[in-house]
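I opened the model to look up a few things about strands, contacts and a helix. My notes are below the structure.

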Amino acid sequence: MDKDIYLTNVETIPGKTIDKYLGLVQGNSIRAKHIGRDIMAGLKNLVGGELKGYTELLSDARDEATQRMIDDAKKMGANGIVNVRFATSSVMQGAAELFVYGTAVIYGETE
Amino acid sequence: MIGLYLLIFLSPFILVLFCGLIGIFLEYLHKKSILKREKLLETIKTTNLKRDHSNLEIEDSCLCRGSTTVASDYLKLFFASLRTIFGGQVRSYEILLERARREAILRMKAEAAAKKADMIINVRIQTSTIGNASSNKNANPMVEVIAYGTALISSK
């Protein structure tokens, strides 16, 4: 993820002032697990506990969704996104949608 | 001979029971590791308020998140489905989800600690069912927990 866009999940940017609100930006990513992972998870279901493969998969997908949101914000000429929210929903068996949205802003230094 | 047939017939149950017991042991180890890491990251305060009320001199801030995916084992599924007959507290799943939630918060804190943050504000925790259990209620549940918040880095 590139870091030239500032992200936060509060309405303001702590220690900075927001000059302009540009509007909603969003990014999504739908990931399906592959059969190999499914078999491994099936084996893991015998013991239970954390499924590391899935954690990684969903984390990667969320990174990608965030990146898409950042690209969206860059197109608008923003340098920050406030009030970021994450949402997850399962679309079909074995696939999940990761959705990220927020408000693109232009912020400046205080005082 | 009958003993052999009985063994073949019972082997899946024995496997489920054995693996379930391993699962309980791993759960115990995980709980110990959670307690240890929580102690280490105690200095990072978390809140779900939108501002910090301790008058911190803020230099920088950033979004940080942590997530974990857990599934139950067949032994737990069996006990939980027994519970749906009589009703009441499903203790085995309570433990599982609490573990997942604490792990997600710990990962978020670890990310904040890597950035030398002092506190995390506006923490949001979200749980979602993924996989088969969302369509088929009898399937083994798989749950993802994500925790995210804004880490504040003070200027001292």
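**Conventions.** I am working from a predicted model, in which local features need pLDDT of at least 70 and side-chain atom pairs count only at pLDDT 80 or more, while totals for chains, interfaces and linings use all residues. Residues are numbered from 1 along each chain as its sequence is written, and chains are lettered from A and ligands numbered from 1 in the order in which they are written.

**Strands of chain A.** I took helices (H or I, at least four residues) and strands (E, at least two) as DSSP runs, numbered from the N terminus. I counted two strands as paired if DSSP finds at least two bridges between them. I looked up the partners of β5(A), residues 95–109. Strand β2 of chain A (residues 16–32) runs antiparallel to β5(A), and 15 bridges join them. In β5(A), Glu109(A) is the residue opposite Lys16(A). Strand β4 of chain A (residues 80–92) also pairs with β5(A), antiparallel, over ten bridges. There I found Met92(A) opposite Ala95(A).

**Ala104(A).** I picked this residue from strand β5 of chain A. Is Ala104(A) buried or exposed? Ala104(A) is buried, because 24 other C-beta atoms lie within 10 Å. The cut-offs are 20 or more other C-beta atoms within 10 Å for buried, 12 or fewer for exposed, and partly exposed in between, with C-beta atoms placed from the backbone. For contacts I required C-beta atoms, placed from the backbone, to lie within 7 Å. Beyond its neighbours within four places in sequence, Ala104(A) touches residues including Leu22(A), Val25(A), Ala73(A) and Ile81(A). I also noted Leu7(A), 97 residues from Ala104(A) in sequence and 9.4 Å away, C-alpha to C-alpha.

**Chain A against chain B.** How many residues does each chain give to the contact? I read 28 residues from chain A and 41 residues from chain B. On the side of chain A, the elements giving two or more residues are α1 (35–47), β3 (49–50), α2 (52–75) and β4. I also noted that β3(A) is joined by two bridges to strand β2 of chain B (residues 58–71), antiparallel. Glu50(A) stands opposite Val70(B) there.

**Helix α1(B).** This helix covers residues 2–40 of chain B. Why does it lie largely in the open? Of its 39 residues, the number buried is two, so α1(B) lies largely in the open.

Methods: Contact = placed C-beta atoms within 7 Å. Expected span 1.5 Å × (residues − 1).
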